[in-house]
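Open the model in your viewer and keep the selection panel at hand. The tour goes from one selection to the next and says what is found at each stop.

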Amino acid sequence: MTAQVLVIGEALIDIVDAGDGASEFVGGSPANVAVGLARHGVGATLLTRIGRDDRGIRIAEHLASSGAALATESWTDEPTSTARAVLQPDGSAEYVFDIAWTVPDTAVVADVVHTGSIALFLAPGAAAVVDRLARASRAGSMVTVDPNIRPALVGDHVAAQERFAAAAAAADLVKLSDEDAAWLYPDLSPTDVLARVAAHGPRVVVMTRGGAGALGLGPEGLVEAEAWPVTVADTIGAGDAYMSSLIASALDDPQLLTSGEALARTMRRAAVAAGITVSRSGANPPTRAEVDAAL
């Protein structure tokens, strides 16, 4: 696959506290998406902000080992960001962040530009990210967005809604979780959330709902897909694996943006990618071969 994806957003170290000690994993939603894309054979470059410290070097090595590239503008003399994840009994995680976010400009030309999570909402970098999406859309790139809301970091609710709406207006494909939907639009049903987001402009909107599967809204209406049943180790990186699978499928099959049948196939495949990820610890998305073998 020769297509190039530019992923813009945070890369950090997840410090996972499971009650019996802490372990460190490379994380950050956009970084996870870049790794997931590379493992699907997609050319992915991450534009981020990491320090020239041991943790930053570890992030760079992790990206390289998966086949993803790191934009050279990503390096900074400030410390690498962290997120402490405290695992709950059901395998979900609650986060405490130590992060700063600015985004450098870059000349990387891409067929797809993706962003989301902290990068989309945290000042001062967030405004530059939304501007980059709008420019990419005008230039003819496919734009994909995953809000991946972190309530402690997004600031004012109305301002966050407006920022998300601006990003969605530039997007062709938006993926959000049911938790994102509940935070952004607490008074709307899942189908009404899909319709609200689609009204901003994206051709496809997908909502993941954990074990309840996913709902998608495309040009031919609603599509529903079941979750892939697994024993959950933890849920870290599940949504990112789902997102990277959606992007890879959009590059494999452009009918995703026009066909309900193609959207259903894509959602089934993404469910498998997310299921494999939650079956093992940390954000560890599968390769294309692993997904193919499980389907």
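Select helix 1 (residues 29-39) and helix 2 (residues 54-66) of this predicted model. Their axes come within 8 Å and cross at roughly 25 degrees. Angles under 35 degrees count as roughly parallel, so helix 1 is roughly parallel to helix 2. To see the contact, show A31, A34, V35, A38 and R39 on helix 1, and H62, L63 and S66 on helix 2. Coloured by class, this contact has 5 nonpolar, 2 polar and 1 charged residues.

Next, select I15, which lies in strand 2 (residues 12-17). Is I15 buried or exposed? I15 counts as buried because its relative accessibility is 9%, and the cut-off for buried is under 20%. Beyond its neighbours within four places in sequence, I15 is in contact with A22, S23, E24, R55, T82, A83, R84 and A85.

Move on to helix 4 (residues 125-138). Its 14 residues reach 20 Å from the first C-alpha to the last, close to the 20 Å expected at 1.5 Å a residue. Show G125, A126, V129, V130, R132, L133 and A136, which are buried. These residues cover an arc of only 155 degrees around the axis, which puts them on the same side of helix 4. To display what covers them, include strand 1 (4-8), strand 10 (112-116), helix 3 (118-121), strand 11 (142-146) and helix 6 (157-170).

Finish at G140, which follows helix 4 and has a positive phi, near 100 degrees.

Notes: Residues are numbered from 1 along each chain as its sequence is written. This is a predicted model: local features need pLDDT of at least 70, side-chain atom pairs count only at pLDDT 80 or more; totals for chains, interfaces and linings use all residues. Side-chain values use heavy atoms; hydrogens and water are left out. Helices (H or I, at least four residues) and strands (E, at least two) are DSSP runs, numbered from the N terminus. The expected span of a helix is 1.5 Å times one less than its number of residues. Buried means under 20% relative accessible area, exposed over 50%, partly exposed in between (1.4 Å probe, protein chains only). The arc is that of the directions from the helix axis to the C-beta atoms. Contact means heavy atoms within 4.5 Å. Axes are lines fitted to C-alpha atoms, for helices over the stretch in contact, and angles run from 0 to 180 degrees between N-to-C directions. Angles under 35 degrees count as roughly parallel, over 145 as roughly antiparallel, 65 to 115 as roughly perpendicular and the rest as oblique. Ala, Val, Leu, Ile, Met, Phe, Trp, Tyr, Cys and Pro count as nonpolar, Asp, Glu, Lys and Arg as charged, and the others, Gly among them, as polar.
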